[in-house]
Amino acid sequence: MSTIVEALIALSLVVSGIFGLVGSYGLVKLTNTLQRLHAPTKATTLGVGGVLVASMIYFYAKTGYLSIHELLISVFLLLTAPITANFIAKTYMATSLKDSDLPDSQSSSGWSIYDEPPASRPGSGSVQ
Amino acid sequence: MLKRLIPHPFLSLTLVFVWLALVNKFTLGNLLLGMLFGIIIPMLTAPYWPDRPKIRRPLKGFEYVLIVLWDIVVANIQVAAIILFKREKNIHSQWIVVPLDVTSAEAITVLAGTITMTPGTVSAMLSADGGSILVHCLHTDDPDSVRDEIKTRYERRLKEIFQ
């Protein structure tokens, strides 16, 4: 394996390590639950992404085949991370916030965990 | 007939590709097995997909994916910078309400996911009628510009793709 390839792999591993560390530090530093939500959903995506890139380069240099598993992992990660964040945010709001703590919805009904959906639109448009 | 056999062509195609990627080796047997999954799984799950999303312009979808991927990288760096270099009392978190023009459940889902993955924002909740979305912003002094960026950068493109 050439030095350039090794340097590339090392670089992506270091970058991913830094972002993972910053994400974890964010959990400690930020105090509000909703602020804390930002650290793991973002910083960690690039953290894991870096490891996956390193893995792809390594196996391509070693075997000559491009491994697609890493791409799949990142796709699944990108699809699931927002859903986790959304669930945590909703749970937090349901337990700790009142309707009056939130801004007005600027729409005909209120926010979905405090208000019933209008009866006229069963199942359409609303994903809740 | 073909419509009954393959009610969701995009889903079937995705399943074939995901299966081939999972086994990580392209052989005729794997392709046939993937096609079998591509036919059976949409049939079994068809009741959960009552309305098929109309994807008008798939090419725009690729452009959207590339933009979002780039924004995710930028988002990571921005959030890392805020965490590392801003004092706690200087981080101004706010709620932002974004009124929605897109109406289909699929488009709203993609938009909510995009908002969570991109610069400093997490989508928290929809209004009960799906007419607006509540976004939590980690740090901003100008909520209106954040709202406008979400609307012009992502929602406008999703509208072109889905409607």
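## Confidence in the model

Chain B has a mean pLDDT of 80, and 91% of its residues reach 70 or more, where pLDDT is the predictor's confidence in each residue, on a scale from 0 to 100. For the model, the scores are ipTM 0.75 and pTM 0.79. Where pLDDT is low, the predicted coordinates should not be read in detail.

This is a predicted model, in which local features need pLDDT of at least 70 and side-chain atom pairs count only at pLDDT 80 or more, while totals for chains, interfaces and linings use all residues. Residues are numbered from 1 along each chain as its sequence is written, and chains are lettered from A and ligands numbered from 1 in the order in which they are written.

## The sheet of chain B

Chain B holds an open sheet of three strands in the order β1-β3-β2, with antiparallel pairing; two strands pair if DSSP finds at least two bridges between them, and the elements themselves are DSSP runs numbered from the N terminus, helices being H or I of at least four residues and strands E of at least two. Because β1 (94-99) and β2 (121-126) of chain B each have a single partner strand, they stand at the edges, and one side of each is left without a neighbour in the sheet. From one strand to the next, the twist averages 30 degrees.

Strand β3 (residues 132-137) of chain B pairs with β1(B) in the antiparallel sense over six bridges, and with β2(B), also in the antiparallel sense, over five bridges. B:C137 in β3(B) is the bridge partner of B:Q94 and also of B:T121, while B:V135 in β3(B) has B:I96 opposite. β2(B) and β3(B) form a hairpin with five residues between them, and B:G130 in the turn has a positive phi of about 75 degrees.

In β3(B), six of its six residues are buried, a residue being buried if 20 or more other C-beta atoms lie within 10 Å of its own, exposed if 12 or fewer, and partly exposed in between, with C-beta atoms placed from the backbone. B:S132, B:L134 and B:H136 point one way from this strand, and B:I133, B:V135 and B:C137 point the other way.

Not counting residues up to four places away in sequence, B:V135 touches several residues, including B:I96, B:V98, B:I115 and B:V122; contact here requires C-beta atoms, placed from the backbone, to lie within 7 Å.

## Where the chains meet

The contact takes 50 residues from chain A and 41 residues from chain B. On the side of chain A that touches chain B, α1 (3-29), α2 (33-63) and α3 (69-96) of chain A each supply at least two residues, and the largest share, 11 residues, comes from α3(A).

A:L78 has its place in helix α3 of chain A, and A:L78 counts as partly exposed because it has 18 C-beta neighbours inside 10 Å. The C-alpha atoms of A:L78 and A:L66, which are 12 residues apart along the chain, are separated by 21 Å.

Note on methods
Contact = placed C-beta atoms within 7 Å. Axes fitted to C-alpha atoms, helices over the stretch in contact; angles between N-to-C directions.
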